[in-house]
Amino acid sequence: MTSKPLADLTGHYVLDPAHTSIAFVARHAMVTKVRGTFREFDGTADLDGSEPGKSWAKVTIQAASIDTGNEQRDGHLRTNDFLDAPGFPEITFTSSGVSQLDETRYRVEGDLSIKDVTRPVGIDFEFMGSATDPFGNRRVGFEGAVTISRKEYGITWNAALEGGGVLVGDKVVLEFDVSAIKQD
């Protein structure tokens, strides 16, 4: 993958869902982790390679598309105990600012809305590069992650374990592996 000067990357982009992953990791039973992804989402971004602070992004995730590889658990995660997908079908992130941390890292500040709670978060992303794919599309890649407290979003369901502790940890790591295509 070759990297062009960032000014050359200025433009409007859409997420490529076939090559983008929005995933999460949460502690389970105090001894292991459960990993999952969201299968349905869309997003757009305007990148300003010369002045990153003018960049912005918006992502919309379909809550019902949660997939941990276990249908029973996924069904529970879709209920009001967790995401309440029928009542709040979308999880959204709308940026409010972008700052460059160093040559390849950026912090994207914005509002994350889950269920009926919106809270500010800062997500650190690393620019992985840009390339023109075999179909002539200009692509950019970013990887990022942020840890949130599910309780801060009103997701408080849990079960006590016999030996102490709880079934589901409070901290959830959201992971983003983004491939976006420049629009003409």
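Buried means under 20% relative accessible area, exposed means over 50%, and partly exposed lies in between, with a 1.4 Å probe and protein chains only. By that rule, Val 166 counts as partly exposed, because its relative accessibility is 32%.

Please note that this is a predicted model: local features need pLDDT of at least 70, side-chain atom pairs count only at pLDDT 80 or more, and totals for chains, interfaces and linings use all residues. Residues are numbered from 1 along each chain as its sequence is written, and side-chain values use heavy atoms, leaving out hydrogens and water.

Let us turn to the interior. A nonpolar core is a set of buried Ala, Val, Leu, Ile, Met, Phe, Trp, Tyr and Cys residues joined through side-chain atoms within 4.5 Å. The largest one here has 40 residues, and Leu 112 and Ile 148 touch the most other members.

Next, the salt bridges. Side chains of opposite charge can pair when their charged atoms come close. A salt bridge is a side-chain nitrogen of Lys or Arg within 4 Å of a carboxyl oxygen of Asp or Glu. The structure holds nine of them. In one, Arg 107 pairs with Asp 124, with the closest N and O atoms 2.6 Å apart. Both partners are partly exposed, Arg 107 at 30% relative accessible area and Asp 124 at 29%. In another, Asp 67 pairs with Arg 39, at 3.0 Å between the closest N and O atoms. Here Asp 67 is partly exposed at 23%, whereas Arg 39 is exposed at 55%. Finally, a network of salt bridges links Asp 16, Asp 133 and Arg 139.
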